[in-house]
Amino acid sequence: MKLACQEHLIPGQNLIEKWAFISDAGFDGIELHGHGDFKFRERLPELRAARKAGVVFSSVCVIMDHFIGDFDPIKRRDAIENMKSLLSVIAEVGGVGAITPAAFGLHSNALPPFRAPRTPEEDRQVLLEGLHELGEHAHKEGVYVLLEPLNRYEDHMLHTLAEAVELCKAVGLPSLKVMGDFFHMSIEEADLAQAIREAGDYLVHMHAADSNRLQPGMGHTDFAPALTALDEIGFSGYLAFECGIKGDPKEALPAAARYLRSMM
C-alpha cells in the first residue's frame, strides 16, 4: 500500500518542488488534476519533464462540471472524450489510471425534486455504454478506468463499492476497476472493512479523507479496520489524499502520513 497526495494540496511552486516536499513527508506519489477542455493534454511537456526528474505520478482525477453520466448526450460525449485524453496522458507518464464518478452535482434523490429525469434502468444503460468505451481505450493504453462511487447527496446513480463492482462485472473488461473514497464510504457503507473485503481485487485505488473531509486523523473515521481489510485483499495500490487540510500543510501532511502508516 502506497500513499499519494493530490497536487494542489502540496506546498511548492512546481511539480518538482512539490515532489521534493511530499516524498520527504512520507508519500510515494502525486495524484494529478485532470481539467476539462483537454487542458490536461496541454501539460504533457511539464509532466514529461517532471517524470524525467524523478517525480512519481500515481493517477489523475477528472475535474470537470459534467461527467460520463450526464443527462445531456453532448456533455456525456465531451466527458468521455476528455477521459480518453486523461487515460492516454497518465499512461505516458507512468500512472495507474484516471478517476471518474458517474456524475457530480447533477442530481440527488435525497434532495428536491427527489426524482431524476431518467429511470434507474436508463441510468445504468448510459453508464454501461460510457464505461465500455472508456474501458476499451484504457486497455489499449495499459491503464485503468477508476470508477468512483459518491455519496447520495452528490450523485444519484452510484453510491457503494458493491454497486461499482457490479457495473465493472457487467462491462467485463479488465481495465475497468473501482476506487473507494473514505469520505463517501463513511456515509454510504455500513461497514468499511466488509465493503472493502467484498470488493476484493476490483478495488485498486483509494482516496483518503476523514469523516469531515479533512485530512485523516481530523474526524471520527476508524481507519484501522479498513486498512487491515485492504491488506487482507492484497491491495497494493495508492491511498491518495483528497481532502481539506487543517493547519499548515508543511506540518499537517507529514503528520497525517505518519498517522495512517502507524495503522498499516
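In this predicted model, the buried residues of helix 1 pack against strand 1 (2–6), strand 2, helix 2, strand 3 (57–63) and helix 9 (249–261). Helix 1 itself spans residues 15–24, and its buried residues are Leu15, Lys18, Trp19, Phe21 and Ile22. Just after helix 1 comes Gly26, which takes a positive phi of about 105°.

Positive phi values also occur at Asp37 and at Arg213, neither of which is a glycine. Asp37 is found in the loop that runs between strand 2 (29–35) and helix 2 (44–52), whereas Arg213 belongs to the loop between strand 7 (203–208) and helix 8 (223–232). The table sets out their values.

| Residue | Phi | Relative accessible area |
|---|---|---|
| Asp37 | about 55° | 58% |
| Arg213 | about 70° | 23% |

With a relative accessible area of 58%, Asp37 is classed as exposed because its value is over 50%. Arg213, at 23%, is classed as partly exposed.

A further backbone detail concerns a peptide bond: the one from Pro112 to Pro113 is cis, with omega near 10°. Pro113 is located in the loop between strand 4 (97–101) and helix 4 (120–141).

Key:
Residues are numbered from 1 along each chain as its sequence is written. This is a predicted model: local features need pLDDT of at least 70, side-chain atom pairs count only at pLDDT 80 or more; totals for chains, interfaces and linings use all residues. Side-chain values use heavy atoms; hydrogens and water are left out. Helices (H or I, at least four residues) and strands (E, at least two) are DSSP runs, numbered from the N terminus. Buried means under 20% relative accessible area, exposed over 50%, partly exposed in between (1.4 Å probe, protein chains only). Contact means heavy atoms within 4.5 Å.
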